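Please keep the view open as you read.

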Amino acid sequence: MFECYTRLYPFNTENSSAVFAINKEYIENNDVLSITGSGDASLDLFLNGAKTVTCFDINGLAKFLAVLKFSFIKAGISYEEYVNFFSADPRKFEDYFNFDIYEKYSNNILNEKVKKYWDNIIRYLKINNISLKKDKH
C-alpha cells in the first residue's frame, strides 16, 4: 500500500488547524513530532506555539514540498504570492506554480538537493510546455 515515492498532495487533507487549536495545551512550548505530508500540519503546529517540530514521512518526496514551503516563508514571500503559488484551486489563481515566483524565491534559499529536485521538475514542465494550472497535473 505504501511506497517510498508516491503522489505529493499540495495541501493537508485533514483539518489539522482545528484539531491543533483544540489541543493547543499539548502543543504550545513543546517539541512535537509530525508526519511531513504537504508541510501544512507542521506550519499549523508552529502557529499553535510548538517549540520545535520534527517531521517524518514514508514518502521520500514529501520533504521536498515541505522544504520549498518553509523556505519561501523564510525568504519573505508575500501571502498573495504564497497562496497563488501553492493554490489547490487553479481556477481562482493565476500563478499556480508560477515559474517566475519560483525563480524569485528559490535562489540562495534552497539547499542543493531540494533546489536540484525542483529545478528538474520545472525544467521538465518548461521543456514539455506543461502548465500545472492548465493541464491539471
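The report below starts with the whole chain and then turns to cores, surface and salt bridges.

This is a predicted model, in which local features need pLDDT of at least 70 and side-chain atom pairs count only at pLDDT 80 or more, while totals for chains, interfaces and linings use all residues. Residues are numbered from 1 along each chain as its sequence is written, and side-chain values use heavy atoms, with hydrogens and water left out.

**Overall make-up**

The protein has eight helices and two strands, where helices (H or I, at least four residues) and strands (E, at least two) are DSSP runs numbered from the N terminus. Their order from the N terminus is α-α-β-α-β-α-α-α-α-α. Of the 137 residues, 38% are buried; buried means under 20% relative accessible area, exposed over 50%, and partly exposed in between (1.4 Å probe, protein chains only).

**Cores**

A nonpolar core here is a set of buried Ala, Val, Leu, Ile, Met, Phe, Trp, Tyr and Cys residues joined through side-chain atoms within 4.5 Å. The largest one holds 19 residues, and Leu68, Phe72, Phe85, Phe86, Tyr102 and Trp118 touch the most other members. Helices H4 (62-74), H5 (79-86), H6 (99-106) and H7 (112-127) each give two or more residues to this core. Leaving aside neighbours within four places in sequence, Leu68 is in contact (heavy atoms within 4.5 Å) with Phe85, Phe86, Phe97, Tyr102, Leu110 and Trp118. A second, separate core has seven residues, including Phe20, Ile27, Val32 and Ala50.

**Charged pairs**

How many salt bridges does a search of the whole structure find? There are four, each a side-chain nitrogen of Lys or Arg within 4 Å of a carboxyl oxygen of Asp or Glu. The table shows some of them.

| Pair | N to O distance |
|---|---|
| Glu81 and Lys104 | 3.1 Å |
| Lys126 and Glu103 | 3.1 Å |
| Asp119 and Lys115 | 3.1 Å |

Glu81 in helix H5 and Lys104 in helix H6 are 23 residues apart, so their pair links distant parts of the chain. Glu81 is buried at 16% relative accessible area, whereas Lys104 is exposed at 54%. The pair of Lys126 in helix H7 and Glu103 in helix H6 also spans 23 residues; Lys126 is partly exposed at 42%, and Glu103 is partly exposed at 37%. Asp119 and Lys115 are separated by about one helical turn because they lie four residues apart in helix H7. Lys115 is buried at 19%, while Asp119 is partly exposed at 23%.
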